[in-house]
Amino acid sequence: MATILSVSGSPSRTSRTSRLLRHVDARLIAHGHDVVPLEARELPAEALLHADFAHPAIVRLAELFEHADGVVIGTPVYKAAYSGLLKTLLDVLPQHALRGKSVLPLATGGSTAHVLAVDYALRPVLSSMGAEHISRGWFVLDRDIAVRDDGSTAVERETDVLLHPVVDAFAAALDRHTAPLVAG
């Protein structure tokens, strides 16, 4: 069983990105993993913007990354790039905060024109931070994520069917990475 940090880089309280992540978290939990959700918007803005590495929230953030076996990074796409909030969060982490970790990048946006942001904007940053394995990223259109009357999240069926193998491959990579060595 792996511990996964699931990070939403959305500044919005009504974030579809966060809803998508919590949907993915449920699938990862069903695979037997522990998931720790993190909403970047809940971190103190002043500590992030001033890169206050001694601030307790930033120290705790670094600890969460250090103790995670895997990380799911979710972001809305603005102007063909990941969110400024996510960039600020990543900037306050140690340079190699993802060393030895499996990472699943996810993005949401209003148009398919932003699909390549995962590979051309987010993936290079994750790689530079030492990620051992970066799973195939996935982009989901905002219109494919809805809120049901009861407040739960509904992901459009075809989108969900396509997302499942991406999440399952990430879970399998974590299983391989965290499996105990068996002496022969």
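Trainee: Which residues touch the most other members of the largest nonpolar core?
Mentor: Phe65, Val71 and Leu89 do, in a core of 31 residues. Keep in mind that this is a predicted model.

Trainee: Which elements each supply at least two residues of this core?
Mentor: β1, α2, α3, β3, α4 and α5. The most come from α3, which gives five.

Trainee: What is Leu89 in contact with, leaving aside its neighbours within four places in sequence?
Mentor: Contact needs heavy atoms within 4.5 Å. Val7, Leu38, Ala40, Leu43, Leu48, Leu61 and Phe65 are in contact with Leu89.

Trainee: What makes strand β3 largely enclosed by the rest of the structure?
Mentor: Buried means under 20% relative accessible area. Eight of the nine residues of β3 are buried, so the strand is largely enclosed.

Trainee: How do you know that β3 and β5 pair, and is the sense parallel or antiparallel?
Mentor: Pairing takes at least two bridges. β3 and β5 have seven, so they pair, and the sense is parallel. Val72 stands opposite Leu104 in β5.

Trainee: How many bridges join β1 to β3?
Mentor: Five, and these strands run parallel.

Trainee: Why do β3 and β4 count as paired?
Mentor: They have two bridges, and the cut-off is at least two, so they pair. The sense is antiparallel. Tyr78 has Ala81 in β4 as its bridge partner.

Trainee: What do β3 and β4 form, and what lies in the turn?
Mentor: A hairpin, with two residues between the strands. Lys79 in the turn has a positive phi of about 50 degrees.

Conventions. Residues are numbered from 1 along each chain as its sequence is written. This is a predicted model: local features need pLDDT of at least 70, side-chain atom pairs count only at pLDDT 80 or more; totals for chains, interfaces and linings use all residues. Side-chain values use heavy atoms; hydrogens and water are left out. Buried means under 20% relative accessible area, exposed over 50%, partly exposed in between (1.4 Å probe, protein chains only). Helices (H or I, at least four residues) and strands (E, at least two) are DSSP runs, numbered from the N terminus. A nonpolar core is a set of buried Ala, Val, Leu, Ile, Met, Phe, Trp, Tyr and Cys residues joined through side-chain atoms within 4.5 Å.
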